[in-house]
Amino acid sequence: MALAKPQPSTSAAAAAEAPAPLHVAIVMDGNGRWAKRRGLPRTLGHRAGVESLKKTVASAADLNIRWLTVFGFSTENWSRPASEVAELMALPKRYFEAELGRLERDGVRVRIIGRREGLSQELVDICAEAEARTAANDRFFLQIAFNYGGQADIADAAQRIARDAVAGRISPDAVNEGLFASYLGTAGVPAPDLIVRPSGEQRLSNFMLWEAAYAEFVFQDVLWPDYGPEHLKAAIDEFHTRERRYGGAVADDVLAAG
Ligand code: IPE
Ligand code: MG
């Protein structure tokens, strides 16, 4: 992977329209449909999806992305058949066995967000090892949401805040958006600028609910195992056409309104 430090956009016109998306979050969706279309078991779709993840991480830095978050397993995915859950649980090991050395060398810092409860001890250890071995890296940040749910993360944050308040470590008056964010799994990571969902589905599915407040959304008609650098580039090109106002007004309109 050619991991360069984030560079200014090479397209001056695009740069003028919107700053480069520093943080892109992707709902990796469509593995099952990809497999079904080929008459394959869903598990093979998930394995093909891991290859897409490798390619996407490799190409993200070249597209000036600095933070990449991917949704790998949701708190709701436990309702799938046990055999499929078992395959999904095996994916982090499959991914890190193949890629952790490269991530470590390329300056990628890995963080796994989501509940550790429910994961095997082996998987918890794999996550801890990936985070520990890359803890000193800061060229690129890869967040993997695994056993993650936006509502669960918000509820867990509320629980920790309540505990700290009861213990007298914080005052209830100190609870505001900033403090709340510091209790989330994503603490310290800027909110995603762009949330991408391939596979044609147009919903958030409990992904980054808090963090998505001002994200731009791009939905793409490609199944995750077919996803490649060209699709990520297309999503970023689309992002550059958006005007982000964060609840404010366009400068020209404010002047016109006097
Ligand atoms: C994404 O692919 C992987 C996970 C959600 C864990 P899916 O398994 O959701 O694939 P589809 O949506 O059935 O095609
Ligand atoms: Mg799906």
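Predicted model: local features only at pLDDT ≥ 70, side-chain atom pairs only at ≥ 80, totals over all residues.
Let me begin with a polar contact of 2.8 Å, which links the side chain of T69 to the side chain of Q143. T69 belongs to strand 2, which covers residues 67-74. Is T69 buried or exposed? Its relative accessibility is 1%, so T69 counts as buried.

I turn now to ligand 1. The space that ligand 1 takes up is the largest pocket. Around ligand 1 there are 13 residues, and those that come nearest are D29, G32, R33, R42 and R80. By class, this shell consists of five charged, six polar and two nonpolar residues.

Which helices supply at least two residues each to the shell around ligand 1? They are helix 2, residues 31-37, helix 3, residues 42-60, and helix 4, residues 82-105. Helix 2 gives the most, with three residues.

A polar atom in the side chain of R80 is 2.6 Å from an oxygen atom of ligand 1. For R33, the distance from a polar side-chain atom to an oxygen atom of ligand 1 is 2.7 Å. In the case of R42, an N or O atom of the side chain lies 2.9 Å from an oxygen atom of the ligand. How much of the accessible area of ligand 1 does the protein cover? On its own, ligand 1 has 380 Å² of accessible area, and the protein covers 86% of it.

Let me return to D29, which is among the residues that come nearest to ligand 1. The side chain of D29 makes a polar contact of 2.9 Å with the side chain of R197. R197 is located in strand 5, which runs over residues 194-198. With a relative accessible area of 6%, R197 is buried, because buried means under 20%.

Where does G30 lie? Its place is in the loop that connects strand 1, residues 23-27, with helix 2. G30 is also buried, at a relative accessible area of 3%. In sequence, G30 and G200 are 170 residues apart, yet their C-alpha atoms are 8.4 Å apart in space.

Thank you for your attention.

Methods. Residues numbered from 1 in each chain as written. Chains lettered and ligands numbered in written order. Heavy atoms only, no water. Near = heavy atom within 4 Å. Polar contact = N/O pair within 3.5 Å; in protein donor to acceptor, adjacent residues only side chain to side chain. Areas by Shrake-Rupley, 256 points an atom, 1.4 Å probe, with all protein chains shown as cover. 1 Å grid on protein atoms, 1.4 Å probe; cavity = no way out; pocket = protein on both sides within 12 Å on 5 of 7 lines; lining within 4 Å. Sits in = over half its atoms within 2 Å of the grid points. Helix = DSSP H or I, 4+ residues; strand = E, 2+ residues; numbered from the N terminus. Nonpolar A, V, L, I, M, F, W, Y, C, P; charged D, E, K, R; others polar. Buried < 20%, exposed > 50% of the residue type's maximum accessible area, 1.4 Å probe, protein only.
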